[in-house]
Amino acid sequence: RRPIGSQRFPDGMYREQNITFREINTDFLLSYNKRFNDFSTVVSVGANRMTQTTSENLIEGRGLAIPAIYTLGNINVQPILNRFNGEKRINSVYAFANLGYKDFLYLDLTVRNDWSSTLPRENNAYFYPAASLSFIPSELINFGRAVDYLKVRFNVARVGNDTDPFQLTRTYQFATLPNSVTNPSLLPYANLRPVQTDSYEFGLKGNLFKNRLGFDFTYYNTKSKDQIISAGISEASGFSSTVINAGEIESEGIELALNATPVRMENGFQWDVGVNFTRNRSYVNELAPGIETFIVGFGPAGATVEARPAGRMGDIYGEVFLRNPEGEIVFDENGLPVIDPERKTIGNYNPDYLVGLTTGFQFKGFFANAVLDIRRGGIIYSYTNAIGAESGLLTHSLPGRETGLVGDGVALNAEGDYIPNETNVSPETWYYGGFYRRSNIEANSFAADFMKLRELSVGYRLPQPFAKKLGLNNLSIAFVGHNVALWTDVPNIDPEAHALNGGTLVPGFEVTQLPSAQSFGVKLNAGFYN
């Protein structure tokens, strides 16, 4: 419900909406477990039938006869009616086997085939196998006292996927006028193919020096093709978008985890430290024929996240400064920057890498722990920066209030040559709709690097004999802080912010976010005997 006078619904609004979702799974599984001398085997076969039903009924009236009376009878306009009934079924058969040899070599095999009701009959089946090989050389070879455990693994897998109901044939939906129907805005595609994702993974894990040092390294590569997406088309067709199989997206990355105990003394003092490093890249190898770009998400002020061939997933496009061949900003005769007529990418919202650091100290019952997160790379568009400039509320709008401003760049003279820009602009014109105009994505975007002290705790753990006298197994008290400190060059906002568009979080954009929550408290842990 919305009251009369609200911005989006000035005449008020009342809506009743009922949504029902049900999923029924029927499973069958038969397993066989047997050991043959040095070999261990586990073999299973099974089947599954999944049925999903979704129904929705909606009545909405965008106008109220009497303020603050929220009933269907108080709607004074023709109501919007919507009814949806969808059903989806997937039938599956699968088998998997685990084979082991002398506790140092393991092979896992999986096969599965699905038949989906949401795909065309000739393309509704998709088969996807997987295999994983693990080798534990530390069980076979004596590496000496330095190596406690060592494991090498390699995985390969294929995964299939389907889509939602009503993506194949044209259907009608209720229109506003009574007893009438209309075409939906989405044009279906009768020849959809299932999504197929192939992935490869290599890993190495080990514990060294009596478990004082541990590591876990993973490299992965995935290729996903025939992704089912909604692409925009000319509305002259009677539709605004159509369902297609997209193209191919490739992702690769590495993950590295290290944990160590650099100091462990006989008096009970111990220092533990952990490091997590992740790096991921996703590339658009190709899109469907005739599709030059696909809009993944919409940000504020006309900015978009788009997937384009030879680009990366997460590229942000929007208005940018027009620059001369030397890269200098071009200003017009009024001293304001010229916007490039072509929308361009200003960068990618994904980080180059992420690092998580954990450290902990303990000594005679006292302990201290900290978690530090580091992000390097990626950009973020700040709506706060644009709003704060045009309203004069932020400090970056202070320069030039008395003398005006001259933009750092070039201007075109009458002969068509670039000359240094010397036109003075009033601060009102410069900040309000000028240099920092909201649609100028480049002017209001920043490198999203940060370092954040995510958590800090300091406390004391009561010796167990004293805890037992209190009838407890253990007792500790600690002072805990969350989001304790933030170091970043992004002004005024937390670079971890996400915009919200239609209930979906859109990374890379910030829209006048509230300050990040910072909390401090006391934590008491008590363990009781059974």
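User: Why is Phe-39 called partly exposed?

Analyst: In this predicted model, Phe-39 has a relative accessible area of 46%. Buried would require under 20% and exposed over 50%, so a value of 46% places Phe-39 in the partly exposed class.

User: What makes Phe-39 and Tyr-101 a tilted pair?

Analyst: The ring centres of Phe-39 and Tyr-101 are 4.8 Å apart and the planes stand at 45 degrees. Rings pair if their centres lie within 6.5 Å, and planes under 30 degrees apart are stacked while those over 60 are edge-to-face, so this pair, with its 45 degrees, is tilted. The two residues come from distant parts of the chain, since Phe-39 lies in strand β2 (residues 39-61) and Tyr-101 in strand β3, 62 residues apart. Tyr-101 has 26% relative accessibility and therefore counts as partly exposed.

User: Why is the pair of Tyr-431 and Tyr-436 called stacked?

Analyst: The planes of Tyr-431 and Tyr-436 are 5 degrees apart and the centres are separated by 6.1 Å; the limits are under 30 degrees for stacking and within 6.5 Å for pairing, so the pair of Tyr-431 and Tyr-436 is stacked. Both Tyr-431 and Tyr-436 are buried, and they belong to one aromatic cluster together with Phe-321, Phe-331, Trp-430 and Phe-435.

User: How do you know that the charged end of Lys-452 sits over the ring of Phe-450?

Analyst: The charged end of Lys-452 is 5.8 Å from the centre of the Phe-450 ring, and the distance part of the rule asks for NZ of Lys within 6 Å of the ring centre. Arg-308 gives another case, with its charged end over the ring of Tyr-317 at 3.8 Å from the centre.

User: What makes Arg-153 and Asp-216 a salt bridge?

Analyst: The closest N and O atoms of Arg-153 and Asp-216 are 3.6 Å apart, and a salt bridge needs a side-chain nitrogen of Lys or Arg within 4 Å of a carboxyl oxygen of Asp or Glu, so the pair of Arg-153 and Asp-216 qualifies. Arg-153 lies in strand β6 (residues 147-161) and Asp-216 in strand β11 (residues 213-225), so the bridge ties together parts that are 63 residues apart in sequence. Arg-153, at 15% relative accessibility, counts as buried, whereas Asp-216, at 25%, counts as partly exposed.

User: How do you know that Arg-323 and Glu-442 form a salt bridge?

Analyst: The closest N and O atoms of Arg-323 and Glu-442 are 2.5 Å apart, which meets the limit of within 4 Å. This pair links distant parts of the chain, with Arg-323 in the loop between β18 (315-318) and β19, and Glu-442 in the loop between α2 (427-431) and β28 (445-447), 119 residues apart. Arg-323 has a relative accessible area of 36% and is partly exposed, and Glu-442, at 23%, is also counted as partly exposed. Elsewhere, salt bridges that share partners join Asp-373, Lys-452, Arg-454, Asp-494 and Glu-496 into one network.

User: Why are β19 and β26 said to stand at the edges of their sheet?

Analyst: The open sheet has three strands in the order β19-β25-β26, with mixed pairing. β19 (330-331) and β26 (418-420) each have a single partner strand, so one side of each is left without a neighbour in the sheet. Strand β25 (residues 410-412) is joined to β26 by three bridges and runs antiparallel to it, with Ala-411 having Ile-419 as its bridge partner in β26.

User: How do you know that β21 and β22 pair?

Analyst: Strand β21 (residues 353-363) and strand β22 (residues 366-376) are joined by 11 bridges and run antiparallel, and pairing needs at least two bridges, so β21 and β22 count as paired. One of the contacts is that of Gly-360, whose bridge partner in β22 is Asn-369. The two strands form a hairpin with two residues between them, and Lys-364 in the turn has a positive phi of about 50 degrees. β22 also pairs with strand β29 (residues 450-461), in the antiparallel sense over 10 bridges, where the bridge partner of Phe-367 is Gly-459.

Definitions and conventions. Residues numbered from 1 in each chain as written. Predicted model: local features only at pLDDT ≥ 70, side-chain atom pairs only at ≥ 80, totals over all residues. Heavy atoms only, no water. Phe/Tyr/Trp six-rings, centres within 6.5 Å; stacked < 30°, edge-to-face > 60°. Helix = DSSP H or I, 4+ residues; strand = E, 2+ residues; numbered from the N terminus. Buried < 20%, exposed > 50% of the residue type's maximum accessible area, 1.4 Å probe, protein only. Lys NZ or Arg CZ within 6 Å of the ring centre and 35° of its normal.
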